[in-house]
Amino acid sequence: MKAKIATTWLDGCSGCHMSFLDIDERLLAIADRIELVYSPLVDNKVFPDYVDVTIVEGAVASVDDLAKIKKIRKHTKYLIALGDCAINANVPSMRNPIPVQEIINRAYVENAFIHDVMPKHPALPELLARVMPIHEVVPVDVFIPGCPPSNDTIFYAVAELLDGRIPDLTSKTRFGA
Amino acid sequence: MTLEELQEIKAGEELARSQKKKSIHVCVAAGCMSQNAEAVLNTIEGQLKEKGLAKDIDVKGVGCMGLCAAGPLVSIEPENRMFQEINQANAFLVTDNLEKGKKTTNDLASDSPFFKRQYKIVTENCGVINPERIEEYIAFDGYLGLYTVLHDLDQNEVVQNLIKSGLRGRGGGGYPTGLKWSTVAKAVGAKKYVICNADEGDPGAFMDRSVLESDPHRILEGMAIAAYAIGADEGFIYVRAEYPLAISRLKVAIKQAERKGLLGNNIFGTTFNFTISIRLGAGAFVCGEETALIASIEGGRGTPRPRPPYPAESGLWGKPTLINNVETFANIAPIIRKGAEWYASIGTETSKGTKVFALAGQVVNTGLIEVPMGMSLREIIFDIGGGIPGGRKFKAVQTGGPSGGCIPEEFLDIKVDYESLTKLGSIMGSGGMIVMDENSNMVDVARYFMEFCMSESCGKCVPCRVGTAQIYDILTKFAERRATEADLTLLEELCDVVRNTSLCGLGQSSPNPVLSTLKYFKHEYMERIQAEVNQE
Amino acid sequence: MTANGQIKIFTLKIDGKDVSARSDQTVLQVCRENEYFIPTLCHLEGLSNIGACRLCMVEVAGQRKLLPACTTMVSEGMEVTTTNDKLAHYRKMTLELIFSERNHTCSVCVSNNHCELQYLSQKLGINHIRVPYRFPKFAVDASHPYFILDHNRCILCTRCVRVCDEIEGAHVWDVSGRGIQAKVITELNQPWGSADTCTQCGKCVNVCPVGALSEKGRSVAENTKRSGFLPYLTARRKEKI
Ligand SMILES: Cc1cc2nc3c(=O)[nH]c(=O)nc-3n(C[C@H](O)[C@H](O)[C@H](O)COP(=O)(O)O)c2cc1C
Ligand code: SF4
Ligand code: SF4
Ligand code: SF4
Ligand code: FES
Ligand code: FES
């Protein structure tokens, strides 16, 4: 049976996904062992009921992120936090020492040349007071630090999981790597 | 000063006392002073003058009588009739009832257990003598101990006396005082120092302040005896600047002692020289820790340093230094005067003598008490303290100040000493005792003390600086019912790290309130986790 | 050292192995000499030891409490355990506490890839921080013509304070505030750029283990630190006396 794999991003720059894609032809090598069931890279818009491994990039920054990660956790066997944003909230969290309203105001009103109004639309998710690493919200099984982690590291982690082992990445990567 | 002169002063005081029919004592220690005791004293003096009694009746300000919450306190001696809550308007209750008059609304039963169950050594002169007159201290055998030591004992004999007495440090650690003196005495070095630790930073504690305000000479004498025993010629009293009354009385006392030749050169006609100066602390709790205190006296930032080397070996300016607490020094003169065996006969197997406690919280009689070691918590809280007000139920007693622990009802009958409290996950500390009733919430209690430790951490070492802040944040989550099972695990882990890796006693003992409430009142933590799960 | 200043030679056991040591050495020095790994941050060879970071805690037989290797002098017959599960756990937790204290955004830090904190996190096997990040608000002082102080990265090791005081003799730095509010300050809390006492020697920058102190106008890759000058300097100074 093929392992069901999902990937998704929260508040990040998608750099980790790019690094993931850099695995290149090695992806093909494991292609017959995995099935990508949900991802920004594929079309499926609904998160499946059961996933073996979900790889999540990005920090939890909005109410949408929060709902999303809780849902993912519920339907995932192994949750991988991919990259520094997912693990320590990284760059997105640099807003944390400042109150949310102040930041939005600075970005959309004070520094705006045209159309200086506060953004307000039902489709815009409300920002949390504090950007959080994923493990502050739900339990995480594997951490792959790095900004972004190298394709080798990601490949190694996925390969290990497919072989039924929890990967040990301490010699391969670290915060900021 | 000679022994004869000492005895002359004593005789003179006794003569003066015998010429008065009675004497009225007005407490002028900080508690009562803050409620205008000075004015009470003046009013009583005025009224006596009007009545033409000024010649027969002596009026004097004395030190703390213990029941500070009911102050200002006044007593008529020698019959020891006490009055509470005396002010300018009702002072006539005292002066109108000098002869065994009728009971008044402000009478205070001086034969109540609060007074009768106490055993006074450290506070024997509190409420008895005028702290600003050296003659009164001498009248109660003050400086006789110093004389005895200088004339009849060699240094080792003094140390041996202390060892035999079983006295242990009252500053919190309970380290055997005789052993400490002997270590400093043996330390190599021509220059040594004696330091009296009067920083008293525990919130709600005022044992040391009270002794300094009520009987300052006792400390000077204790320090001088120590200086002789260890071979020091210079002493410092490190006292917090928030104690202006204690400081001014110490200054007066030092001046008086110097003038009488009890401090300075060739004390009692011997080759022994000893001077004492005062150093003020700016009120940082951590500056009570001995190495931080020393750094502060040296003019540096008040942060602890790793020990060893202990101050006994390398202390103030790198010299061997003896550092003891106020209450420790207050025990010295009586031990010398009455003998080590006498002292060792009081208390328990491992903890000798008495201990002064500041009784506070949900208890009828709040104030300062001195009891023999080995008295049970129940006796202290229910007999001396008069129990819980309003018929509420007892829940726990917190001993040992901010880094002490909470002891539940089932252990009320244990005999209080250093070991028994430690075994229960608390400590003797400097003698804070806060009684809590059924309405107190133990998570909040733990959080309150952790907040204190967090803001008083000096910030030097990581576990205490960051750990206490993290623990405080987790306790806040519990208080706000946002905590999870994982938070409980993390809380326990953090307490373990902070306790075992912090640099000084502040960090090492800061988890005590959390750990002891987790031990005895875990359900109060669990309830707050449960609540969140149910919400979802 | 013994009281009369004579140096003796001791034998002690480190992790069960006999080693010899001079009586004026610390446990840390002897461990390092014999290539035992003990993590340190506040310690720097050539500066005084203060025992502040608590990463170098070791077990000494017969001692109830753990002891910092950097401030503990060796003694004859001492038995030291440099690592076991408990010590490893404490060290990890302590490092996690340091990460959680300020804003250590490694990916955009001037010290990325040559930072002692980052290095140790990997060495100790830390891949996430279990205690919540505190995200405090701290300013950057860029008033100095050559150097930058970023409090967000400071771990309060006080190496800067000590090197400036003990080696450069300028004493520009101090620590102000208590507990979690503590921070390093220059010139009694004036902007560094206005510090008349600063000789601009750059020693503080070079001993700073993290990205809190850096040189202006240099790229991340160029901002490496060189603290190796210290033991040499102190040794030569001792010789002179
Ligand atoms: C954080 C901290 C605060 C302390 N505060 C005091 C204090 O206020 N007064 C005091 O006498 N001892 C205090 N101590 C204990 C002293 O370090 C020292 O052990 C004591 O003064 C020794 O005197 P003793 O042997 O007479 O008890 C404190 C210790 C710590 C760790
Ligand atoms: S335990 Fe706390 S008070 Fe003591 S040195 Fe460490 S930070 Fe300072
Ligand atoms: S540059 Fe030199 S003098 Fe200036 S603060 Fe740093 S160490 Fe001190
Ligand atoms: S600025 Fe650097 S050297 Fe100075 S205390 Fe902070 S981390 Fe240490
Ligand atoms: S201060 Fe007056 S009784 Fe204590
Ligand atoms: S290196 Fe020893 S405590 Fe920091």
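This is a chat about a predicted model, taken chain by chain and then by ligand.

User: Before we start, what should I know about the numbering and about what counts in this predicted model?
Analyst: Residues are numbered from 1 along each chain as its sequence is written, while chains are lettered from A and ligands numbered from 1 in the order in which they are written. In this predicted model local features need pLDDT of at least 70, side-chain atom pairs count only at pLDDT 80 or more, and totals for chains, interfaces and linings use all residues; side-chain values use heavy atoms, with hydrogens and water left out.

User: OK, chain A. How many helices and strands does chain A have?
Analyst: Chain A has 6 helices and 7 strands. Helices (H or I, at least four residues) and strands (E, at least two) are DSSP runs, numbered from the N terminus. Starting from the N terminus, the order is β-α-α-β-β-β-α-β-α-α-β-β-α.

User: Switching to chain C. What is the secondary structure of chain C?
Analyst: Chain C comes to 6 helices and 10 strands. Its radius of gyration is 19 Å, close to the 18 Å from the globule rule for 241 residues, so chain C is as compact as a globular protein of that length. Buried residues make up 54% of those 241 residues.

User: How do the 5 strands of the open sheet in chain C line up?
Analyst: The order is β2-β1-β5-β3-β4, with mixed pairing. The edge strands are β2 (17-22) and β4 (67-68) of chain C, each pairing on one side only. Two strands pair if DSSP finds at least two bridges between them.

User: What joins β3 to β4 in chain C?
Analyst: 2 bridges, with β3 (residues 57-60) and β4 of chain C running antiparallel. C:Met57 has C:Pro68 as its bridge partner in β4(C).

User: What about β8 of chain C, which residues are on its covered face?
Analyst: C:Trp173 and C:Val175 are on the covered face of β8 (residues 173-176), with C:Asp174 and C:Ser176 on the uncovered one. β8(C) pairs with β9 (residues 183-186) of chain C in the antiparallel sense over 4 bridges. C:Ser176 has C:Lys183 in β9(C) as bridge partner. The two strands form a hairpin with 6 residues between them, and C:Gly177 in the turn has a positive phi of about 80°.

User: On to chain B. Where is B:Pro408?
Analyst: B:Pro408 is in strand β13 (residues 405-408) of chain B.

User: Buried or exposed, and why?
Analyst: B:Pro408 counts as buried because its relative accessibility is 5%. It touches B:Phe394, B:Lys395, B:Ala396, B:Tyr520 and B:Phe521, not counting residues up to four places away in sequence. Contact here means heavy atoms within 4.5 Å. B:Pro408 and B:Phe521 are 113 residues apart in sequence and 8.5 Å apart in space, C-alpha to C-alpha.

User: Last topic, ligands. Which residues are closest to ligand 2?
Analyst: B:Cys458, B:Cys461, B:Cys464, B:Cys504 and B:Gly507 are the closest of the 13 residues that surround ligand 2. A residue is near a molecule or strand if one of its heavy atoms lies within 4 Å of it.

User: And what classes are in the shell around ligand 4?
Analyst: 11 nonpolar, 1 polar and no charged residues. Ala, Val, Leu, Ile, Met, Phe, Trp, Tyr, Cys and Pro count as nonpolar, Asp, Glu, Lys and Arg as charged, and the others, Gly among them, as polar. The residues around ligand 4 include C:Cys154, C:Cys157, C:Cys160 and C:Cys208.

How values were computed
The radius of gyration is taken over C-alpha atoms; the globule rule is 2.2 Å times the number of residues to the power 0.38. Buried means under 20% relative accessible area, exposed over 50%, partly exposed in between (1.4 Å probe, protein chains only).
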